[in-house]
Amino acid sequence: MSVDYQMLEQEMTTWRRDLHSHPEFGFEEQRTAAFVAQKLREFGLDEVVEGVGGTGVVGTLRRGGGNRSIALRADMDALRITEQGEKSYRSQSAGVMHACGHDGHTAMLLGAARMLSEDGDFDGTVRFIFQPAEEWGKGALAMLADGLMTRFPFDEIYGLHNMPGLPVGVFQTRVGAIMSAEDNFEIVLKGVGGHAARPHWGNEVLVAACIVVTNLQTIVSRRLDPTDIGVVSVTELLTDGTRNALPGLARILGDARSFRPEVSAEIEKQMRRIAEGTALAHNVSAEVNYTREFVPLLNDAALVEEAFAAARSVFASENIKVRREPMTGSEDFARFLEHVPGCFVFLGNGEDSAPLHNPNYDFNDDGLLHGAKFHASIVRRRLNAS
């Protein structure tokens, strides 16, 4: 049975806009997961399992007698952002929106499941993984902890993300590091607050906190090898002070990005040294809480070449690009690559697209068919029926 691509594109657009209207935060994707499971069952998949890792869904499609299995993954969660704009399908959930395009990723993978179920032309097993809670780096770990690899084994895995700024119809990936690790930190300074007119009566923490914030910027510029990539960003400075009262407590929060564990370890070491040294100089105490939330996303070299080969049947040759540099955003697809090899790719969302995580962002429906076709193409290539 041949696939009617025009009809499929219309269906994917309808699915995507329905999902966009009903966004759900990580591990709260009850409606989304039910929608996905219903569609997979309508397509006639061999097995559809809900509740994997909380709200994850795994669909299985088998053809022929091949014993190889590959996985395709999409993320389903939305962000706690209030959507702007007046489009007819805007978010109906107050304070939550699909500001990263996971509605589009989900619709593309559903489209691929529809294509492969109608016109498989492959020999083996495909796992369609619909993952919760990507945005805060817990969804992949939850699915793995729930036995993903033993309950639904696969040999390799592929994923994708839309990319604002790239024209629709452009395909990008690269060998090795393509997205960074993300570490979170909180530095707590404690002293003795007091009246703003009598700072010498206590040991307030605001001056020390400001010095810590400034000196953290020297970690990348003065402590890391210039050939390594690192980012240290302070995103919050909170105190218990008020207009005429000096604070006795300050919290400095932020995140750090890197591509090698050694760089992450050096950032943490230098951060502790700066916080503790500054606290000592100002007669206050310092506590550093440093956690590693995302690991670097490292594409397998051989499977990158396979992805490029699969892309040639979907994208114009001049639009298939090697991404020159990795990006310092993070993606918990990397957790799956700790278990099997895989490849993660970027697809253009339009040069005029609003940035990801922006209240005016919207997934570009013109890219839906590209994503679905790429998913199907990599399956047919890797599970060749001939």
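User: What makes the largest pocket, of about 280 Å³, a pocket and not a cavity?

Analyst: A pocket is an open set of points on a 1 Å grid over the protein atoms alone, with protein on both sides within 12 Å along at least five of seven lines; in a cavity a 1.4 Å probe fits but cannot get out. The largest pocket has a volume of about 280 Å³, a volume being the space filled by probe spheres set on the points. Lining residues have an atom within 4 Å of a point. There are 16, and the closest to the centre are Glu-135, Met-179, Gly-329, Ser-330 and His-357. This is a predicted model: local features need pLDDT of at least 70, side-chain atom pairs count only at pLDDT 80 or more, and totals for chains, interfaces and linings use all residues. Residues are numbered from 1 along each chain as its sequence is written, and side-chain values use heavy atoms, with hydrogens and water left out.

User: Why is the pair Phe-171 and Phe-308 called edge-to-face?

Analyst: Rings of Phe, Tyr and Trp (its six-membered ring) pair if their centres lie within 6.5 Å; planes under 30 degrees apart count as stacked, over 60 as edge-to-face and the rest as tilted. Here the centres are 5.9 Å apart and the planes at 65°, so the pair is edge-to-face. Phe-171 lies in strand E6 and Phe-308 in helix H9, 137 residues apart. Both are buried, that is, under 20% relative accessible area with a 1.4 Å probe, protein chains only.

User: What makes Phe-333 and Phe-336 edge-to-face?

Analyst: Their ring centres are 6.1 Å apart and their planes at 75°, so this pair is edge-to-face too. Phe-333 and Phe-336 are both buried.

How values were computed. Helix = DSSP H or I, 4+ residues; strand = E, 2+ residues; numbered from the N terminus. Buried < 20%, exposed > 50% of the residue type's maximum accessible area, 1.4 Å probe, protein only.
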